[in-house]
Each structure stands twice: as structure tokens, then as C-alpha cells.
Amino acid sequence: MTIWQQLFTRRMAICIFTGFASGLPLYLLLNLVPAWLRTEGVDIKTIGLFALIQFPYTWKFVWSPLLDRFVLPLLGRRRGWMLLTQICLLVAIICYGFVSTSGLLPPNVTWEPLFLGLKYPVFEWQSVVAFLTHPITVISFLLAFLSATQDIALDAYRRELLADHELGLGNSVHVNAYRIAGLVPGSLSLILADHLPWATVFLITSLFMLPGIAMTLLVSEPHRASPPRTLREAVVEPFHEFITREGLQSALLILAFLFFYKLGDSLCTALATPFYLDMGYSMTDIGGIAKIVGFWSQVIGGLLGGIWMLKIGINRALWLFGVVQIIAIVGFAWLATKGHQDSIGAVERVNLAWVIGLEAFGVGVGTAAFVAFIARSTHPAYTATQFALFTSLAAVPRTFVNATSGWLVEGMGWTSFFVLCVVLALPGMLLLLKVAPWHAGTSAQQE
């Protein structure tokens with residue numbers, strides 16, 4: 001089969017639907033819910049607290065063994081969980097239209113002196129309980145939990161569906177569909193909100209879960225491995241199998257690689273918008289260039305990354321795409337050396353477009369190879385648990401390390417900060433010598 005014949009197969013079409021179903025709930029939480037709360041007069045502190053609802057995405061490996069062990073009575077081990085979570089997600093999104101934002105307030109907090117001028121927060125627990133038990137908070141956390149659980153099932157199904165040589169292309173298609181799904185709550189739903197009541201907007205948005213439900217009902221179960229016989233086996237064996245597969249040292253190297261490979265790139269973009277503003281660009285410049293150039297560069301990068309992996313294999317793709325990511329970070333450092341521009345003209349906008357486009361392209365190709373590597377590293381019998389563990393570990397830098405970016409920029413300045421990001425990207429590249437050697441395979445078929 002030619003590359004284009006491999007792209008237009010039934011399995012690749014399924015990956016489009018898995019990506020779209022996976023991305024819609026997350027982008028709803030990140031884009032639509034904050035916009036709704038703000039238009040309803042909720043203060044910015046309360047909206048900021050809703051970042052904590054991403055907690056289930058980081059810890060989904062904790063309950064992932066349940067999806068490996070237990071088979072629901074309908075549709076099979078993977079499709080049963082997919083259908084259940086998708087129906088629940090559709091209902092949860094609709095529920096937003098039946099609750100009010102009144103009474104949604106941030107917990108009361110006072111700052112007590114500690115030492116050397118430092119203070120620590122003291123929360124009024126009644127206000128904490130009131131915030132946590134508010135219907136919007138409950139629905140949002142439930143939505144995040146269901147979304148993370150759906151991701152466990154979809155990732156496991158996709159890994160078992162695709163042959164090893166299809167992992168690169170299949171996962172790049174999935175990631176691109178994931179990003180395209182963000183256009184629904186992040187664009188279409190926001191436009192509808194200017195003309196329709198919010199209850200109607202959430203109802204229409206929820207209907208975009210129907211393609212995923214239809215896909216789940218129409219596809220077949222992969223049946224690549226039998227489920228674990230006991231819950232203990234489902235919890236212990238995925239870790240035991242991973243450690244004993246090639247030894248403890250190899251397992252630790254893979255885990256370290258998962259942590260470091262995207263670290264520099266993730267930290268680099270943590271404060272991208274404030275950086276552009278500090279360089280003198282307007283919100284219109286940022287919004288137009290980031291939305292158009294950035295989005296399509298990611299989509300094209302992800303698609304090309306999958307196609308190239310069919311030719312060069314996952315190992316070499318990780319090397320080449322990792323270099324692209326580092327070059328993209330260097331682009332940010334180059335833009336930072338120009339400092340604040342008092343007058344923004346065509347040349348400055350072209351510079352910004354190149355930097356955003358290159359970074360987004362690097363994210364597209366790098367993510368395609370990275371997700372394919374994660375999929376390849378799982379065992380068919382414990383796909384759900386191992387895939388959830390690896391993706392959770394990969395999310396740690398984005399969740400915790402990025403929280404330090406503001407202090408780093410304040411202490412170092414933008415140029416030194418981006419140089420540091422380049423340095424932090426190097427350990428992941430060096431670990432490729434052990435976890436994905438260049439000469440280990442020359443094509444996806446060999447891998």
C-alpha cells in the first residue's frame with residue numbers, strides 16, 4: 001500500500017473519531033466553561049480555581065486497572081467503557097444548562113505570617129466546602145473524570161486496533177482530530193452564545209459527542225489479549241511486566257525519557273501570550289497569527305509527522321522531530337533578543353508568524369512521534385493501565401514544572417529563560433541513545 005492508501009483506511013477513519021471524542025470534553029472545560037462563567041459575572045479568582053479540575057487527567061492511571069480488569073456486559077472490554085463514558089459525557093454537558101452560577105464564590109482565605117516575611121494561607125473550611133459542593137464544581141469535576149476515563153478506554157482501544165507499523169500515522173491522525181475538536185467549544189459554541197441562551201449552547205455542544213457514540217457502536221472489539229483474571233493482577237502486573245520486560249534500568253530510562261522529552265518545549269510555551277505582549281505585539285496580532293498560523297501548523301505537522309514515520313520509523317522520527325522542537329525554542333530566544341518593539345509592522349508580524357508556526361509545527365510532529373512511542377511501549381494485556389501511566393507521567397512537566405515559569409522569567413529575563421528551555425530539552429534527546437537508538441530500525445515496518 002502507498003502512504004495515501006494507508007492514510008485512507010478504515011482504521012485511520014476510526015482514529016479520527018477517537019480523537020474528536022477525546023478532545024471535545026477537554027476543550028469544553030478549558031474554553032467554553034470559563035467563557036460562560038465570565039459572562040455570568042463570576043470573578044476571575046473563581047474561574048482560575050477551575051484549573052484544578054484537570055486533576056483527573058494527571059491521575060487517571062490510578063483507576064485505569066479497573067478498565068483492564070472488568071468487562072461491561074455490553075460491547076466488550078474496550079467498547080463497553082467507551083460507550084458508557086460517552087453517554088455520561090453527553091448528559092453531563094447538557095446538565096450545565098440547568099444550573100445557576102449564583103453562589104459560586106472562591107473559598108475565603110487569610111494569610112498568616114510564617115517567617116522572614118513569608119505567609120501561609122488559612123482557609124475557611126465552610127467556604128471551601130461550599131465551593132466544592134456547588135453544582136457547577138461537581139459537574140465540572142465529574143466531566144473531567146469521565147473525560148479522563150474515556151481517554152483510558154480510547155487509548156487502549158486505539159493501541160489494540162493499530163498494527164505496530166501503523167502507530168505513528170494512526171496516533172498523528174488521532175492527535176489532529178483531537179485539536180480540531182477544540183474548534184467546537186472554542187469557536188462554534190462561543191459564536192452561538194452571542195445569539196442563543198447558554199442552555200441551548202450546551203445542548204448543541206453535547207450533540208457533538210454523538211459521532212463518537214456512533215463510532216463505538218459500529219466498530220468491532222480488537223480482542224488482542226485476555227483481561228487480567230483478578231483485580232490484583234490488573235494493578236500489579238502492568239508495572240511488573242513493564243519493569244521485567246527489559247530490566248529495571250531500561251524501565252527507569254523510558255520513564256525518564258517520558259518526563260524530559262517534551263519538558264523544554266512545554267516550559268517554553270507556558271507564558272507564550274505574555275511574552276508576545278512584552279515584545280510589543282497587540283492582542284489582535286497574537287490572536288490572528290496564533291489562531292491561523294499556529295493551528296494549521298500543528299495540524300500539518302501532526303499529519304506529516306505520521307506520514308514520515310511510515311518511512312523512517314518511530315525511533316528516527318523522535319530524533320528528527322526532537323531537533324525541530326529545539327530549533328523552535330531557539331526561535332523564541334531569537335525573538336526575545338529583539339526586545340520590546342514600539343512599532344509593529346509587517347516585518348515584525350512575519351517574524352512572529354515564523355516563530356509561532358515553527359513552534360506549532362514542532363509540537364505537531366513531536367507529539368505524533370511521542371504518542372506513537374508511548375503506544376509502542378505498552379503491552380496488549382495491560383494497555384489501559386500502562387498507557388494511562390505513561391501519558392500521566394508525560395503530563396507532569398506541564399502541570400507542575402510550568403508553574404515555576406513566572407518566577408524564572410522574572411529572575412532571568414526572556415532570553416535567558418528560553419536558553420534554559422533549550423538546555424532542559426537536551427536530556428530527553430540524550431536519553432534517545434538508550435530508549436530509541438537511531439540504528440534500531442530504519443522503517444516503521446521493522447519497528
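# Close-up views of a predicted model

The structure holds 2 cavities of 30 Å³ or more. A cavity is a set of points, on a 1 Å grid over the protein atoms alone, where a 1.4 Å probe fits but cannot get out. Grid points are joined across faces, edges and corners, and a volume is the space filled by probe spheres set on the points. This is a predicted model, in which local features need pLDDT of at least 70 and side-chain atom pairs count only at pLDDT 80 or more, while totals for chains, interfaces and linings use all residues. Residues are numbered from 1 along each chain as its sequence is written, and side-chain values use heavy atoms, with hydrogens and water left out.

**View 1. The protein as a whole.** The protein has 21 helices and 2 strands; these are DSSP runs numbered from the N terminus, with helices (H or I) of at least four residues and strands (E) of at least two. Of the 447 residues in the protein, 51% are buried. Buried means under 20% relative accessible area, exposed means over 50%, and partly exposed is in between (1.4 Å probe, protein chains only). The accessible surface comes to about 20,300 Å², and 70% of this surface belongs to carbon and sulfur atoms. Accessible areas come from the Shrake-Rupley method with a 1.4 Å probe; for residues, only the protein chains shown count as cover. Among contacts (heavy atoms within 4.5 Å) with a separation of 6 or more, 85% are between residues 24 or more positions apart.

**View 2. The largest cavity.** The volume of the largest cavity is about 60 Å³. The residues that line this cavity, each with an atom within 4 Å of a point, are Tyr261, Asp265, Gly322, Gln325, Ile326, Ile329, Ala425, Gly428 and Met429. Helix H17 (283–337) and H21 each supply at least two residues of the lining, and H17 gives the largest share, 4 residues. By class, the lining has 5 nonpolar, 3 polar and 1 charged residues. Here Ala, Val, Leu, Ile, Met, Phe, Trp, Tyr, Cys and Pro count as nonpolar, Asp, Glu, Lys and Arg as charged, and the others, Gly among them, as polar.

**View 3. The second largest pocket.** The second largest pocket contains about 320 Å³ of space. Its lining has 17 residues, of which Glu246, Ser250, Ile254, Phe373 and Val435 are the closest to the centre of the pocket. Two or more lining residues come from each of helix H13 (231–246), helix H14 (248–260), H18 and helix H21 (414–435). H14 gives the most, with 4 residues. The lining divides into 9 nonpolar, 4 polar and 4 charged residues. A pocket is an open set of grid points with protein on both sides within 12 Å along at least five of seven lines.

**View 4. Helix H18.** Helix H18 covers residues 346–376, and its 31 residues should span 45 Å at 1.5 Å a residue; the end C-alpha atoms are 45 Å apart, which agrees. The expected span is 1.5 Å times one less than the number of residues. H18 is mostly covered, as 22 of its 31 residues are buried.

**View 5. Leu154 in helix H8.** Leu154 is found in helix H8 (residues 135–161) and counts as buried, because its relative accessibility is 0%. Leaving aside neighbours within four places in sequence, Leu154 is in contact with Thr18, Ala21, Ser22, Met82, Gln86 and Met215. The C-alpha atoms of Leu154 and Phe17 are separated by 9.9 Å, and the two residues are 137 residues apart along the chain.

View 6. Ile53 lies in the loop between helix H3 (44–49) and helix H4 (55–58), and is buried, with a relative accessible area of 7%. Not counting residues up to four places away in sequence, Ile53 touches Leu29, Ser140, Phe141 and Ala144. Leu75 lies in the loop between helix H5 (64–69) and helix H6 (77–95). Its relative accessibility of 23% makes Leu75 partly exposed. Leu75 has a positive phi of about 80° although it is not a glycine. Most residues other than glycine have a negative phi. Ser226 lies in the loop between helix H12 (210–218) and H13, and counts as exposed at 59% relative accessibility. Apart from neighbours within four places in sequence, Ser226 is in contact with Arg77 and Ala381. Ser226 and Ala381 are 155 residues apart in sequence and 6.4 Å apart in space, C-alpha to C-alpha.
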